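Visitor: Hi, I've got a chain open here and would like a quick tour. Can you walk me through it?

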Amino acid sequence: MARKKVKLEWIANDAARKATFKKRKKGLVKKVSELSTLCDVKACMIVYAPGEAQAAEVWPSAPDAMRVLSRLKRLPETEQSKKMMNQEKLMQQRFRKLQEQFQRHEKENRDLETALLMQQCLEGRRGLHDVGLEEVSALAWMTEAKIGKVRERMEEEARNASATAAVAAAEERKGKEVVVVPTHDWFAEAMDIGGYEGVPADHVIVDSKINSWLNSSYYPLN
């Protein structure tokens, strides 16, 4: 069962807040210990319980924590604060991420609305006379994008045809009589054609003498 998402806000109930503090502190100690062991880094943790400023919990021990803090203080101030983040910077970072997420969803919604409008226009349920300039511009953009995809597919098919012709020419130079048959999965299955080693998956080389169904009366070559 998926874990329920926790709302990050101050817990008003005293008992629930103290229980959460103990549980999260234990988990935090475990994470710092794993980080230190698995990544071989010097780490320490100092946690002050609410209302108990004098009773701080130190991991792994007070002397070890002092050594880590002394090493940190010996660094230049720019290095010390290089990756530090206060509450304001944290909120700014989260705000930027939420803005990016909102813009991404907004674009997805616009694309879906434009695709729906295009479908309605193609079906004759709507016309361009009753849509605004912004919607017309979105339709033009989507149309150009789809035309671009069609052109890319045509170029890809042309490259595949060139590769097929090159394979046929290579087989002919070896002195074999061959027919190059462009195939798809359904075609290969229907004709029970197996693949050949070294031949690309989008075509199959077969011997026209062995496969009599490939003569010109069944499969015209021109």
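Predicted model: local features only at pLDDT ≥ 70, side-chain atom pairs only at ≥ 80, totals over all residues.

Visitor: Good. What does UniProt list for residues 88-115?

Guide: The unreviewed UniProt entry lists a "coiled-coil region" there.

Visitor: Which helix is that, and how far does it reach from first C-alpha to last?

Guide: Look at helix 4, residues 87-122. Its 36 residues reach 53 Å, close to the 52 Å expected at 1.5 Å a residue.

Visitor: Which residues of helix 4 are buried?

Guide: Thr114, Leu117, Met118 and Gln120 are. The buried residues of helix 4 pack against helix 5, which covers 133-173.

Visitor: And what follows helix 4?

Guide: Gly124, with a positive phi near 80°.

Visitor: How many salt bridges does the count come to?

Guide: Seven. One of them joins Asp14 and Arg17 at 2.6 Å, N to O. That pair is three residues apart in helix 1, so about one helical turn separates them. Another links Arg67 with Asp64, where the closest N and O atoms are 2.1 Å apart; both lie in helix 2.

Visitor: Is Arg67 buried or exposed?

Guide: Exposed, because its relative accessible area is 53% and the exposed class starts over 50%. Asp64 is partly exposed, at 28%.

Visitor: Switching topic: where is the cis peptide bond?

Guide: Between Trp59 and Pro60, with omega about 0°. Pro60 is in the loop between strand 2 (52-59) and helix 2 (62-73).

Visitor: Which residue has a positive phi although it is not a glycine?

Guide: Asp40, at about 55°. You'll find Asp40 in the loop between helix 1 (14-39) and strand 1, and it counts as exposed at 67% relative accessibility.

Visitor: What about the surface? Which residues form a nonpolar patch?

Guide: Ile46, Tyr48 and Val58, with about 270 Å² of accessible area together. Ile46 belongs to strand 1, residues 45-49, and is partly exposed at 38% relative accessibility.

Visitor: Now zoom out for me. How many helices and strands does the chain have?

Guide: Six helices and four strands. From the N terminus on, the order is α-β-β-α-α-α-α-β-α-β.

Visitor: And what share of the residues counts as buried?

Guide: 16% of the 222 residues. The chain exposes about 19,000 Å², with carbon and sulfur atoms supplying 55% of that area.

Visitor: Last one: what part of the contacts comes from residues 24 or more positions apart?

Guide: They account for 41% of the contacts with a separation of 6 or more.

Notes: Residues numbered from 1 in each chain as written. Heavy atoms only, no water. UniProt positions renumbered as here; feature names shortened; annotations may be inferred. Helix = DSSP H or I, 4+ residues; strand = E, 2+ residues; numbered from the N terminus. Expected span 1.5 Å × (residues − 1). Buried < 20%, exposed > 50% of the residue type's maximum accessible area, 1.4 Å probe, protein only. Contact = heavy atoms within 4.5 Å. Patch = residues over 30% accessible without salt bridge, like charges linked within 9 Å, V, L, I, M, F, W, Y side chains within 5 Å. Areas by Shrake-Rupley, 256 points an atom, 1.4 Å probe, with all protein chains shown as cover. Salt bridge = Lys/Arg side-chain N within 4 Å of Asp/Glu carboxyl O.
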